[in-house]
Amino acid sequence: MSALARYRQEWFGNITRDTLAGMVGTFALIPEVIAFSFVAGVDPAVGLYASFVISVVIAFTGGRPGMISGAAGSVALVAAALVRAHGVQYLLAATLLCGLLQVVFGILRLHVLMRYVSRPVRTGFVNALAILIFSAQVPHMLHVTWHTYAMIALGLVIIYTLPRLFSAIPSPLICIVVLTVVSVLCPMPLHTVADLGRLPDSLPHLVWPDVPFSVDTLSIIAPFALAMASVGVLESMMTARVVDDLTETHSSKRQECMGLGIANIAVGLFGGIAGCGMIGQTVGNLRYGGRGRLSTFVAGAFLLLLMVMLRPWVAQVPVAALVAIMIMVSASTFSWSSLRDLVHHPRTTSVIMLATVAVVVGTHDLAAGVAVGVMLNGLFFAFQVSSMLSVSNALSADGQTRTYIVNGQVFFASSDGFADAFDLHDTARHITIDLTHAHIWDMTAAGMLEELIGKMEAQGMDVQLIGLNGASTRFLARHTRLQAG
């Protein structure tokens, strides 16, 4: 009953503010969804259908109320290569597989892996995303007339200056309106949204990807689906954490992961591109008072209503307006403070962040960049912890007993240094290894300790272990023949 009451509260506890915030969030969603579709190389209808379906479905299935999800730039960047190489139908198949993988991630509780994504990796992820979003705009600023540059400049002026005077309506939406009116009243050689592809003129309907059902198809879509699933979960978990912090509440990350998977399966069946949590729109929703599931639902439902009703007008939006918006998104996404932190933070932290950026920008694979960042973070951490291990020794007055005192963590990275601290040809006949201030973590360390003691005993020494904590004692008893003395 308490779960049911909480669910009801999440839907109907803040009806007025959730509805208004969802409607405002829709206006903020429209330009970016079209622009992200444009980045992915698909018709705007694909991104708009996706955002509608994701928002509506995840409002019921997600684990983080108040979070806006839709066709996001990170997933669009991954999908772009698949669309260019094989077309939209393969994208729909990859979206279905992406959703299925995310449901599996949730079932296996793989969302907990987010704990291993450190701050430098997250910063590198965000910075690389910003760079890729900007680089995707460059082709649309080449081989064009001066009119395009003038419109982009005007759009940026509106986006950055208008909020200082008027903030009730998102400035990106006003940018679109103004630039569209200017281009209609003063015809000039500009590309428009209509040139990008077909806009929706009806409600989405069920479709099935028109691709061969074969192993070859699976081999094509699987790498992209895995990348889309990983990036989508990563960005959604990051967005959910932002909402948790801003609202001082907790949410079910596992349910959000599975809910996103269900939403993306629905997206694939309705002809859309996979999506995930959108940080900018989510923060905007919170700013306007949205806290519940109703705000997420309204953002999606109102989006489709507007697009079907205003399709002829949206078709006339100049691409320059979208480029201006994406430049703003890129600039606001990039963590400018991280450049200053390069000087003040430890070198290893900076290397991790820069490596994440380099891999993502070089491969256009956000998941690969995060994987490299996490790996480097683990290696640096292991090195730092292993370097803290120290072994000292003291010889008794009669020269017959030597006591080794171990301080620190004994594991795979420190086990060699641990072993090198012992003299296998010591003249003392009695050896005491004091592990009071140490911990044995893994089989590498346990095996090294067992091998070391075996060699000492082969030299005629009597070896005694003392001070082992309970966990280390149980580990050695279970996996070796050693016993504490």
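**Helix packing and an aromatic pair in a predicted model**

Helices α4 and α9 run roughly antiparallel to each other, because their axes cross at roughly 165 degrees and angles over 145 degrees fall in that class. In this predicted model, α4 spans residues 73–86 and α9 spans residues 215–247, and the two axes come within 8 Å. The crossing of α4 past α9 is left-handed. On the α4 side, the contact is formed by S74, V75, V78, A81, L82 and H86. Their counterparts on α9 are I220, F224, A227, M228, V231, G232 and E235.

Eight aromatic pairs turn up when the whole structure is searched. One of them joins W11 and F297, whose ring centres lie 6.0 Å apart. The planes of these two rings stand at 65 degrees, so the arrangement is edge-to-face. W11 belongs to helix α1 (residues 2–12), while F297 sits in helix α12 (residues 293–309). The pair therefore ties together parts of the chain that are 286 residues apart in sequence.

As for the confidence of the prediction, the chain has a mean pLDDT of 86, and 98% of its residues reach 70 or more. Among the elements, strand β4 (residues 401–410) has the highest mean pLDDT, at 94, whereas helix α11 (residues 279–287) has the lowest, at 75.

Methods:
Residues are numbered from 1 along each chain as its sequence is written. This is a predicted model: local features need pLDDT of at least 70, side-chain atom pairs count only at pLDDT 80 or more; totals for chains, interfaces and linings use all residues. Side-chain values use heavy atoms; hydrogens and water are left out. Axes are lines fitted to C-alpha atoms, for helices over the stretch in contact, and angles run from 0 to 180 degrees between N-to-C directions. Helices (H or I, at least four residues) and strands (E, at least two) are DSSP runs, numbered from the N terminus. Angles under 35 degrees count as roughly parallel, over 145 as roughly antiparallel, 65 to 115 as roughly perpendicular and the rest as oblique. A crossing is left-handed if the near helix is turned anticlockwise from the far one by less than a right angle, and right-handed if clockwise. Contact means heavy atoms within 4.5 Å. pLDDT is the predictor's confidence in each residue, from 0 to 100. Rings of Phe, Tyr and Trp (its six-membered ring) pair if their centres lie within 6.5 Å; planes under 30 degrees apart count as stacked, over 60 as edge-to-face and the rest as tilted.
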